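Please look over the points below with the model open beside them. They are meant for someone who has not worked with this structure before.

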Amino acid sequence: MDSPCIRGENADGVDINRDYSYPGRSDADSFTTVEARLVKSLQDNVGFRAAIAFHSGAQEVIWPWCYTGDATADGAFFMAAGQKTAQAMNFTIYQQSYDDYPTEGEYIDFAYWRSHSLAAHL
């Protein structure tokens, strides 16, 4: 059996990357993990202009939104930057996260929504 960290969960078995608020879920219904609260604190205090979340196993570049198929206001930028990043890393896939598979509560949606950070997963 894989360890929780290999599956993307913390020691309590919670997937941290499903624990963030986004336009469809409030802060009160999010941030149940210590880890997500710490990242939220950094995001709120620093207000990163850009952020990258690294995920092992995936060889793709994805960007917000994860929870809806609607494009962000920066969709054209994400497409161009995603393509260049994918090419530089020898990845063939670059797309809006929702087109990979829909998810809710991901960090990149939170960062983009809350701080307008240009956020992506690699």
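1. The model is a predicted one.

2. Across the whole structure, a search finds 10 aromatic pairs. A pair of aromatic rings is described by the distance of the centres and the angle of the planes. In the pair of Tyr-20 and Phe-31, the ring centres are 5.8 Å apart and the planes stand at 85°; an angle over 60 degrees counts as edge-to-face, so this pair is edge-to-face. Tyr-20 and Phe-31 both belong to the loop between α1 (4-7) and α2 (34-46), and the pair links parts of the chain 11 residues apart.

3. Phe-31, with a relative accessible area of 7%, is buried.

4. Tyr-20 also pairs with Tyr-107: the ring centres are 5.5 Å apart and the planes are at 70°, so this pair is edge-to-face. Here the link runs from the loop between α1 and α2 to helix α5 (residues 107-115), and the two residues are 87 residues apart. Tyr-20 and Tyr-107 are both buried.

5. Phe-31 has a further contact, with Lys-40. The charged end of Lys-40 sits over the ring of Phe-31, at 5.6 Å from the ring centre.

6. Ser-21 is located in the loop between α1 and α2. Its relative accessible area is 0%, so Ser-21 is buried. The side chains of Ser-21 and Asp-27 are joined by a polar contact of 2.6 Å.

7. Other rings form a cluster. Ring pairs link Tyr-22, Trp-63, Trp-65, Tyr-67, Phe-77, Phe-78 and Tyr-112 into this cluster.

8. The second largest pocket has a volume of about 190 Å³. Its lining is made up of 14 residues, and those nearest its centre are Ile-52, Ala-81, Thr-85, Leu-118 and Ala-120. Two or more lining residues come from each of β1 (50-53), β2 (60-63), α3 (75-88) and β4 (118-121).

9. Which element gives the most to the lining of the second largest pocket? That is α3, with 5 residues. By type, the lining of the second largest pocket divides into 12 nonpolar and 2 polar residues, with no charged ones.

Notes
Residues are numbered from 1 along each chain as its sequence is written. This is a predicted model: local features need pLDDT of at least 70, side-chain atom pairs count only at pLDDT 80 or more; totals for chains, interfaces and linings use all residues. Side-chain values use heavy atoms; hydrogens and water are left out. On a 1 Å grid over the protein atoms alone, a cavity is a set of points where a 1.4 Å probe fits but cannot get out, and a pocket is an open set with protein on both sides within 12 Å along at least five of seven lines; lining residues have an atom within 4 Å of a point. Grid points are joined across faces, edges and corners, and a volume is the space filled by probe spheres set on the points. Helices (H or I, at least four residues) and strands (E, at least two) are DSSP runs, numbered from the N terminus. Ala, Val, Leu, Ile, Met, Phe, Trp, Tyr, Cys and Pro count as nonpolar, Asp, Glu, Lys and Arg as charged, and the others, Gly among them, as polar. Rings of Phe, Tyr and Trp (its six-membered ring) pair if their centres lie within 6.5 Å; planes under 30 degrees apart count as stacked, over 60 as edge-to-face and the rest as tilted. Buried means under 20% relative accessible area, exposed over 50%, partly exposed in between (1.4 Å probe, protein chains only). A charge sits over a ring if NZ of Lys or CZ of Arg is within 6 Å of the ring centre and within 35 degrees of the ring normal. A polar contact is a pair of N or O atoms within 3.5 Å; within protein, one must be able to donate a hydrogen and the other to accept it, and residues adjacent in sequence count only if both atoms are side-chain atoms.
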